[in-house]
Amino acid sequence: MDNYKHKGLRKKLINELIVKGIKDEKVLDAIMKVPRHLFLDNAFEEWAYKDNAFPIDCEQTISQPYTVAFQTSLLKVQPGHKILEIGLGSGYQACVLIEMGAKVYSIERHKTLHDKTAVRLKDLGYSSIRTFYGDGFEGLPRFAPFDSIIVTAACPEIPKALWEQLKIGGHMVAPMTTGSNHQIMYRFYKNQDGSLRKEEFGDFKFVPMLKGIL
Ligand code: SAH
């Protein structure tokens, strides 16, 4: 259930995100629409609208709302864009992208988590999100190319297959491992000649992107 109390808490969260520097109205509108409390187990409902990451199944996390807002702003989403997400997790980020009018394909390497999230997305009416159980390092060659790619786990280097599946003129947003316990957010732009332009956006914390499936 999503009631006036939840909507009020979401409005407060939006204000907090604005104070923290999120300006993109379309991103804020999408976050206002997604009932984040329904992505956490019932007992933790009160935590849903705090600006924190939170543990979910399989020792993974639902990203902090600020991180979701920040990464989504970097993607420059346009309605109709075909977007590949690596790290479905709870499915929350994918829903924010759908609310912005994108077509979303999302990969998760944990079978239990993938299956549980796929059911949740259907129950919540987000069945247009296409979920895949598999290794995100391989991407989805069958559905390539993508207008943009969002990686929601920390990767050691730009996964080659993903770069190949990105359109010319597309963006890939990914946190990269630094050697210490935080990561740096990057946005990579694919130039006409296939080369990349790289921009750096500060420190974030993510679970690692790992090879293989579970
Ligand atoms: N986007 C998620 C946050 C997920 S946390 C949300 O909105 O809730 C990162 C997720 O990436 C975890 O669920 C983890 O299992 C997954 N992951 C890590 N390495 C992966 C890989 N190689 N392929 C696919 N998923 C991966």
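Which side-chain oxygen reaches to the backbone nitrogen of Lys26 at the start of helix 2? It belongs to Asp24, and it comes within 2.9 Å of that nitrogen. Helices here are DSSP runs of H or I with at least four residues, strands are runs of E with at least two, and both are numbered from the N terminus. Before we walk on, note that this is a predicted model, where local features need pLDDT of at least 70 and side-chain atom pairs count only at pLDDT 80 or more, while totals for chains, interfaces and linings use all residues. Residues are numbered from 1 along each chain as its sequence is written, and side-chain values use heavy atoms, with hydrogens and water left out.

Let's stay with helix 2. Its buried residues are Val27, Leu28, Ala30 and Ile31; buried means under 20% relative accessible area, exposed means over 50%, and partly exposed is in between, using a 1.4 Å probe and protein chains only. The buried residues pack against helix 1, helix 3 and helix 4.

Leaving out residues up to four places away in sequence, Ile31 touches Arg10, Leu13, Ile14, Leu17, Pro65, Ala69, Tyr92 and Val96, where contact means heavy atoms within 4.5 Å. Ile31 also belongs to the largest nonpolar core, which has 44 residues; Leu17, Ile31, Phe39, Tyr92 and Ile129 touch the most other members. A nonpolar core is a set of buried Ala, Val, Leu, Ile, Met, Phe, Trp, Tyr and Cys residues joined through side-chain atoms within 4.5 Å. Helix 1, helix 2, helix 3 (65-75), helix 4 (92-99) and helix 5 each supply at least two residues of this core. Another core, of 23 residues, lies apart from it, and includes Phe146, Trp163, Ala174 and Tyr186.

Helix 3 also holds Thr67. This residue is buried, with a relative accessible area of 6%. Setting aside neighbours within four places in sequence, Thr67 is in contact with Phe204 and Phe206.

Now for the charged side chains. Side chains of opposite charge can pair when their charged atoms come close. Such a salt bridge is counted when a side-chain nitrogen of Lys or Arg lies within 4 Å of a carboxyl oxygen of Asp or Glu. How many salt bridges does this rule give? The count comes to 11.

One of them joins Asp51 and Lys20, with the closest N and O atoms 2.5 Å apart. This pair links distant parts of the chain, 31 residues apart: Asp51 is in the loop between helix 2 (25-33) and strand 1 (54-55), and Lys20 is in the loop between helix 1 (4-19) and helix 2. Asp51 is buried, at 6% relative accessible area, whereas Lys20 is partly exposed at 38%.

Another salt bridge brings Asp115 and Lys111 together at 2.8 Å, N to O. Both lie in helix 5 (residues 111-123), 4 residues apart, which is about one turn of the helix. Asp115 is partly exposed at 31%, and Lys111 is partly exposed at 39%.

Finally, Lys7 and Asp2 meet in a salt bridge of 4.0 Å, N to O. Together with Arg10, they are linked in a network of salt bridges.

Key
A polar contact is a pair of N or O atoms within 3.5 Å; within protein, one must be able to donate a hydrogen and the other to accept it, and residues adjacent in sequence count only if both atoms are side-chain atoms.
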